Amino acid sequence: MSRYAVDPLTALQAKEQAQKLAFAPIAFQAAQSLRELGILAVLDAVGPTGLSAQQIAERSGVSEYGAKVLLDMGLSALVVTQDGDNYVLARLGHFLLHDAMTRVNMDFTADVCYRAMSHLTETIRSGRPEGLREFGDWPTIYEGLSRLPEKARKSWFDFDHFYSDKAFPELLQRIFAERPKTIVDIGGNTGKWSLQCCAHDEDVHMTIVDLPRQLALALDNAREHGFEARIHGHPMNILDDSQPLPAEADIWWMSQFLDCFSPMEILRILRRIRAAMRPDASVYILELFWDRQHFEAAAYSLNATSLYFTCLANGNSRFYHSKDMLDIVEEAGFVVAEQVDDIGLGHTLLRLRAG
């Protein structure tokens with residue numbers, strides 16, 4: 001992307017940014033504590049007049065020392081400003097407190113990624129998700145999702161669903177324009193997409209393909225919503241060639257699924273689908289591609305999240321550049337019938353046909 005073609009910083013700016021990067025984990029923790037201890041909420045309630053450190057301490061129940069040391073870091077991080085002796089909530093602090101995307105991203109980083117990232121160098125050297133040992137002894141995080149600590153599990157699912165859920169309304173209109181009767185949802189996770197489809201169309205039948213533990217959760221959700229007759233399970237490891245895929249589907253659906261695999265694994269998965277699907281069926285891939293984002297913050301977030309895949313998920317996957325994915329799609333024997341960018345919060349939808 002052209003925005004990366006030129007170094008935008010002078011030498012002085014680069015050195016300044018280097019110091020901020022050196023202390024970035026500390027700034028992150030300070031921002032998290034300002035939010036969790038209620039200090040940002042106290043400042044938000046009083047508005048532009050602000051409060052002194054003593055007043056903030058009294059209203060938040062934090063010691064004056066604790067409030068002040070956090071607030072002074074907040075000044076340097078642009079979370080708060082200062083008017084005389086009073087601290088005032090800055091715009092950045094407002095978004096830390098109120099913006100849903102920021103909250104989801106921070107909780108995911110704090111509860112899922114933070115400790116694991118200390119193993120990043122080791123992970124790059126070994127090619128294995130060494131940070132996963134912070135949670136359990138599993139080959140990938142997907143085998144352990146249902147056994148993560150409650151706080152980490154909630155933050156993981158909140159993060160995963162936040163981005164996909166925003167895309168659902170437009171996706172349902174596009175998918176059901178084909179009037180499908182059967183959809184195979186590969187990597188269905190908690191079953192949210194299958195539930196949405198069944199609520200949208202009373203005739204569609206869904207088959208969720210996923211690991212047995214995760215599939216059990218999805219089928220529980222189907223029963224809870226009264227769709228057990230139309231949401232079926234197909235337990236399997238998609239990378240185990242001895243386990244067959246479902247035989248029939250009008251549409252094969254993968255949402256934020258292929259980013260969980262390496263390029264060679266994606267090729268294997270797509271070739272398996274290509275061999276199993278009917279000639280007239282469609283394959284839909286919904287993904288976040290870092291090069292298809294309008295805002296630098298979005299590309300930054302996706303490239304950072306790729307290191308979650310590296311260090312925690314499986315050690316070999318990521319959010320891809322769109323060209324890399326399209327090359328794999330072509331090699332697997334598909335043609336792109338349609339590509340739609342900017343769905344939801346930056347998703348791209350690929351509709352594939354057998355080549």
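Mentor: A polar contact is a pair of N or O atoms within 3.5 Å, and we shall need that cut-off for this predicted model.

Trainee: In which strand does Glu 287 lie, and which residues is Glu 287 in contact with, leaving aside neighbours within four places in sequence?

Mentor: Glu 287 belongs to the strand that covers residues 282-288, which is β7. Once neighbours within four places in sequence are left aside, the contacts of Glu 287 are Gln 256, Phe 257, Leu 258, Asp 259, Phe 319, His 347 and Thr 348.

Trainee: How far away is the nearest side chain of opposite charge to Glu 287?

Mentor: Glu 287 is buried and yet has no salt bridge. A salt bridge requires a side-chain nitrogen of Lys or Arg within 4 Å of a carboxyl oxygen of Asp or Glu, whereas the nearest side chain of opposite charge to Glu 287, that of Arg 318, is at a distance of 10.0 Å.

Trainee: Why does the salt bridge of Asp 111 and Lys 151 tie together parts that are apart in sequence, and how many residues apart are they?

Mentor: The side chains of Asp 111 and Lys 151 meet in a salt bridge, at 3.9 Å from N to O. Asp 111 sits in helix α7 (residues 100-113) and Lys 151 in helix α10 (residues 150-165), so the pair ties together parts whose separation in sequence is 40 residues.

Trainee: Is Asp 111 buried or exposed, and what of Lys 151, buried or exposed?

Mentor: Asp 111 has a relative accessible area of 16%, which means that, with the limit for buried set at under 20%, Asp 111 is buried. Lys 151, with a relative accessible area of 53%, is exposed.

Trainee: Which helices hold Arg 271 and Glu 331?

Mentor: Arg 271 forms a salt bridge with Glu 331, with the closest N and O atoms 4.0 Å apart. This pair links distant parts of the chain, 60 residues apart, and the helices are α14 (residues 263-276) for Arg 271 and α16 (residues 322-331) for Glu 331.

Terms used:
Residues are numbered from 1 along each chain as its sequence is written. This is a predicted model: local features need pLDDT of at least 70, side-chain atom pairs count only at pLDDT 80 or more; totals for chains, interfaces and linings use all residues. Side-chain values use heavy atoms; hydrogens and water are left out. Helices (H or I, at least four residues) and strands (E, at least two) are DSSP runs, numbered from the N terminus. Buried means under 20% relative accessible area, exposed over 50%, partly exposed in between (1.4 Å probe, protein chains only). Lys and Arg count as positive and Asp and Glu as negative; His and the chain ends are not counted. Contact means heavy atoms within 4.5 Å.
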